[in-house]
Amino acid sequence: MAEAHEVDKRLDPWNDPHATPYIRIQNVTKKFGDFTAVNNVSLDIYKNELFCLLGGSGCGKSTLLRMLAGFETPTVGTIYIDDVDMGSIAPYDRPVNMMFQSYALFPHMTVENNIAFGLKQDKEPAAEITKRVADMLELVQLTPFAKRKPHQLSGGQRQRVALARALVKKPKVLLLDEPLGALDKKLREETQFELVNIQEETGVTFIVVTHDQSEAMTLSSRIGVMNEGQIVQTGTPTEIYEYPNSRFVADFIGSVNIFEGRIIEDDPDHVRIESDEAGCPLYIDHGVTASPGARVWVAVRPEKIQLSRDKPNGEDNCTIGTIEEIAYMGDLSIYRVELDTGKRVRVTMPNLVRGTSDRYTWDERIHLSWQASNAVVLMT
Amino acid sequence: MSRKAYITLGDRITAATDLVSQSSWWGQIQTWVEVLLTRLGLRGQGLVVAIPYLWLLLFFLIPFAFVLKISLAEAVIARPPYTALIEWTEDAFIDIKLNIANYLFLLQDDLYWKAYLNSVKVALISTAVCLFIGYPMAYSMARANPAWRNVLLMLVILPFWTSFLLRVYAWIGILKNNGVINNILLAFGIIDEPIVMMQTNFAVYVGIVYSYLPFMILPLYANLERLDNTLLEAAADLGCRPIKAFFSITLPLSIPGIIAGSLLVFIPAVGEFVIPALLGGPDTLMIGRVLWDEFFANRDWPVASAVAIAILLLLIIPIMVFQRFQAKEAEAGTA
Amino acid sequence: MNKNRSMFLISGLAFGFAFLYIPILSLIIFSFNESKLVTVWAGFSTKWYGELLRNEQILDAAWLSIRIAVINACFAVALGTLAGFALARLGRFRGRTLLTGMVTAPLVMPEVITGLSLLLLFVAMQDLIGWPAGRGVTTITIAHITFSMAYVAIIIQSRLSSVDESVEEAALDLGARPAKVFFLITLPIIAPALISGWLLSFTMSLDDLVIASFVSGPGSSTLPMVVFSKVRLGVSPEINALATIIVLLVAVGITIAGITLNRQEKRRQRDMQMAVAANE
């Protein structure tokens with residue numbers, strides 16, 4: 001695929017061929033009996049990153065995280081953290097701490113003792129422990145709750161204790177398993193930003209497992225999308241959203257309209273595709289490496305499509321249909337349009353003005369169009 | 001065993017012990033144990049498994065091998081009162097004498113057959129009665145309000161913690177000719193002659209049902225308490241009357257509880273000894289009591305062992321079913 | 001709620017509990033009977049309690065039984081905890097099925113069979129290695145540990161299954177070695193189960209007649225064995241007195257346990273409400 005987007009290589013270590021990755025996962029496979037949970041995954045993660053493993057349930061993301069923590073051993077493959085092979089290192093000797101999905105707070109210990117537990121295992125001096133626990137309590141704003149036991153805390157407070165307990169040992173890597181999964185929606189949004197702030201403040205490398213795409217988008221420096229034990233795409237949130245490399249990723253992140261078609265013209269700077277589903281020639285301003293006649297898919301995000309009553313100029317990327325359904329969401333409206341080809345397309349438009357009388361309505365004939373740069377060709 | 005065999009065997013043992021004591025034998029043993037444990041796939045945490053495992057192997061499983069072995073021996077007046085199966089003959093061959101006479105004896109004497117079948121009958125009927133009494137109790141407990149539930153549960157468990165023997169004994173005072181029931185009935189003039197209840201099959205049924213009732217109630221209660229009430233609400237919402245909802249929802253879902261409870265009553269009841277011994281009459285034949293008498297009264301260990309094997313053969317399937325159930329419950333708990 | 005139906009349920013419950021408790025009540029009432037005939041009332045008296053306390057044979061047997069029960073309970077809890085831990089936490093190790101079998105079978109195995117098989121083992125062991133020398137307290141204790149530990153294992157296993165395994169993983173992750181995790185995290189969390197396992201083992205040992213009869217030797221008659229030999233000959237008011245004392249002890253114990261549990265539960269709920277309120 002041709003380079004279609006420019007990125008700033010100076011700021012992003014993953015685009016710098018000379019940068020050394022902090023965590024190297026090499027050809028890791030994990031099998032449970034006949035079931036392959038993680039299938040030949042290789043992944044480099046750099047220092048200070050907030051990396052998200054994103055995928056549906058059973059995609060292997062949690063198994064991968066547990067292998068990093070040392071609770072599972074890879075069937076095949078190696079994991080290096082800061083250039084040390086983790087193969088023979090037990091969980092209790094790894095420079096890695098984990099925040100569990102269930103928080104896994106020790107029910108019989110106070111907040112203070114929960115946080116101090118890890119430091120006590122390292123036989124730190126008592127004064128040092130007291131100081132660091134106090135600092136941590138400060139950081140997660142739980143100082144008044146130091147003497148409480150876990151069952152005396154609310155969900156959000158427990159989440160912060162779990163975070164503090166995992167961070168207090170200053171691990172090289174912090175693993176977070178669905179860190180916001182147990183919180184309600186509003187609290188989750190607040191906590192997302194808090195988590196990013198804490199990551200920036202402490203400088204610890206975070207690896208977050210989540211199934212929530214919006215969470216992954218807001219939190220991470222990069223996302224690794226997993227499916228059936230494999231990493232199907234790695235990239236920044238923008239890359240993943242705007243340039244998905246497969247129908248799976250395009251469909252998994254956000255919503256998308258996909259038209260099946262055949263390549264009829266493939267030049268370095270553009271590609272032209274014929275699609276019965278779209279009902280018009282599709283023109284995309286980046287080249288692909290495929291032979292003419294190959295079957296491909298073109299993905300267009302709903303918000304990238306324009307609706308208009310008048311026919312726009314040109315033939316490419318321009319089709320017609322009838323509005324079938326309208327869902328008013330407040331900030332935007334979702335239109336479902338049935339194209340004349342029978343294909344249903346989803347279009348979103350922001351409601352910029354209040355109470356317009358000139359809105360598109362049910363059963364209206366409507367033209368759909370998008371720019372050549374707003375669609376992506378997918379080979380799989 | 002012949003003298004010659006003794007001597008050769010003795011020599012070998014001496015030689016072997018010498019060898020061991022010459023080497024640093026303790027280290028040797030440690031290495032062996034380690035090799036053995038590693039062979040068995042045990043390291044570190046493996047010891048956690050190994051200790052209870054070996055204990056149960058030695059004191060629970062292996063003893064059955066001895067029961068089997070002695071059931072094939074002959075009774076003699078000696079200490080211990082049975083013959084050896086394996087003997088060293090003059091020319092150092094091993095002579096194995098298997099004696100199935102004990103089993104033939106059990107088959108021929110209809111006393112054993114009667115006891116065997118009667119035990120099954122008594123256990124089956126008692127299980128049914130326990131279910132009949134226990135199910136409504138467990139059901140009402142599970143449907144009672146939560147504050148009451150714990151009190152009722154405690155009331156079911158309390159007798160279980162008091163002496164089983166003494167609770168059986170209590171029935172003697174109630175059932176005997178000048179016992180509580182007869183005294184009351186006589187005092188009210190309902191009967192003129194005391195009803196004979198002690199030393200009858202009836203007394204045995206009462207004793208077994210009474211003693212094992214908590215074993216029926218507890219698994220049933222645990223099952224019924226878990227039943228999601230919204231299922232019944234959904235059934236009612238869909239137009240199902242309460243009685244019908246009970247038979248089409250509650251009862252089918254409580255089958256695991258019924259099976260677990262029934263097995264917990266049936267299996268031990270088959271081999272019950274104390275209850276028939278205290279409440280039953282001389283003609284109340286139950287196989288557990290027969291075993292006891294063979295062992296303690298007749299001192300015929302081989303026949304007692306053969307009886308034990310016969311009971312085990314009968315119970316092996318129910319016991320395995322029970323284990324499958326327990327394992328499933330445990331798995332469900334984990335998930 | 002249907003009135004007939006709840007009446008039916010309540011009467012079922014009442015009948016059931018009457019059936020469970022009337023025998024126990026009658027034991028208690030007649031323990032205060034003046035007459036030796038036990039069931040023929042002849043006035044209130046506590047003389048049988050005095051007789052009981054002067055009965056050397058019963059007192060000795062009781063003391064022996066209590067000693068065995070205490071040792072048994074301690075060993076059974078230790079071994080049963082290991083077994084329960086292995087079953088709940090160590091995944092699919094080799095021989096797991098057999099261990100599960102050996103842990104569940106003693107719960108239902110008829111006592112006469114367990115008793116006989118253990119006796120034959122002890123006799124054979126004495127022949128082979130000279131230990132245990134004869135039958136007595138040691139053999140009774142071993143026998144009791146064997147079936148008690150099975151109960152403990154089941155209790156511990158089910159308790160551990162309900163404890164989130166990631167709590168232990170968190171401790172590992174924070175640098176504690178497995179043995180330390182067990183003592184610092186696992187044991188405190190399952191402490192209530194350990195206590196109930198101990199008490200259950202104690203009670204069952206104290207209660208066992210059949211197995212002890214098989215594996216006991218001369219001079220090691222436990223309390224149930226003495227009681228059995230007495231009640232076989234008919235009712236005896238001293239035994240009623242003994243039963244009353246046992247029932248009383250158990251009832252007091254269970255009531256205290258129940259009240260404590262109830263209180264803890266209430267405090268827990270209050271704490272939780274407080275936490276929710278504090279958060280808003």
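A salt bridge is taken here as a side-chain nitrogen of Lys or Arg within 4 Å of a carboxyl oxygen of Asp or Glu. In the predicted model, C:E169 and A:R66 form such a pair, with their closest N and O atoms 2.6 Å apart. Residues are numbered from 1 along each chain as its sequence is written, and chains are lettered from A in the order in which they are written. In this predicted model, local features need pLDDT of at least 70 and side-chain atom pairs count only at pLDDT 80 or more, whereas totals for chains, interfaces and linings use all residues; side-chain values use heavy atoms, with hydrogens and water left out.

Across the interface of chain A and chain C, two salt bridges are found. Nine residue pairs, both members at pLDDT 80 or more, are in polar contact across the interface of chain A and chain C (a pair of N or O atoms within 3.5 Å; within protein, one must be able to donate a hydrogen and the other to accept it, and residues adjacent in sequence count only if both atoms are side-chain atoms). On the side of chain A that touches chain C, at least two residues each are supplied by α1 (61-69), β6 (96-99), α2 (111-121) and α4 (155-167) of chain A; helices (H or I, at least four residues) and strands (E, at least two) are DSSP runs, numbered from the N terminus. That side comprises 14 nonpolar, nine polar and six charged residues, where Ala, Val, Leu, Ile, Met, Phe, Trp, Tyr, Cys and Pro count as nonpolar, Asp, Glu, Lys and Arg as charged, and the others, Gly among them, as polar. In total, 29 residues of chain A are in contact with 25 residues of chain C (heavy atoms within 4.5 Å). The area buried between chain A and chain C is about 2,400 Å², with 59% from carbon and sulfur atoms; buried area is the accessible area (1.4 Å probe) that two parts lose on being put together, summed over both. In chain A, the most area is lost to chain C by A:Y92, A:Q121 and A:H151, together 26% of what that side buries.

Between chain B and chain C, contacts join 89 residues of chain B to 85 residues of chain C. About 8,200 Å² is buried between these two chains, and carbon and sulfur atoms give 81% of that area. Helix α3 (residues 46-71) of chain B provides the largest share of the side that touches chain C, 18 residues. By class, this side of chain B has 70 nonpolar, 15 polar and four charged residues. The count of salt bridges between chain B and chain C is zero, while 11 residue pairs, both at pLDDT 80 or more, are in polar contact across this interface.

Chain B contains 15 helices and two strands, and 47% of its 335 residues count as buried (under 20% relative accessible area, with exposed over 50% and partly exposed in between; 1.4 Å probe, protein chains only). Among contacts in chain B between residues at least 6 apart in sequence, 69% join residues at least 24 apart. The mean pLDDT (the predictor's confidence in each residue, from 0 to 100) of chain B is 80, and 79% of the residues score at least 70.

In chain C, helix α11 (residues 223-231) is largely enclosed by the rest of the structure, because seven of its nine residues are buried. The buried residues of α11(C) are C:L223, C:P224, C:M225, C:V226, C:V227, C:F228 and C:V231. C:T222 lies in the loop between α10 (210-215) and α11 of chain C and counts as buried at 3% relative accessibility. Not counting residues up to four places away in sequence, C:T222 touches C:A61, C:L64, C:S65, C:I68, C:I140, C:D208 and C:A212.
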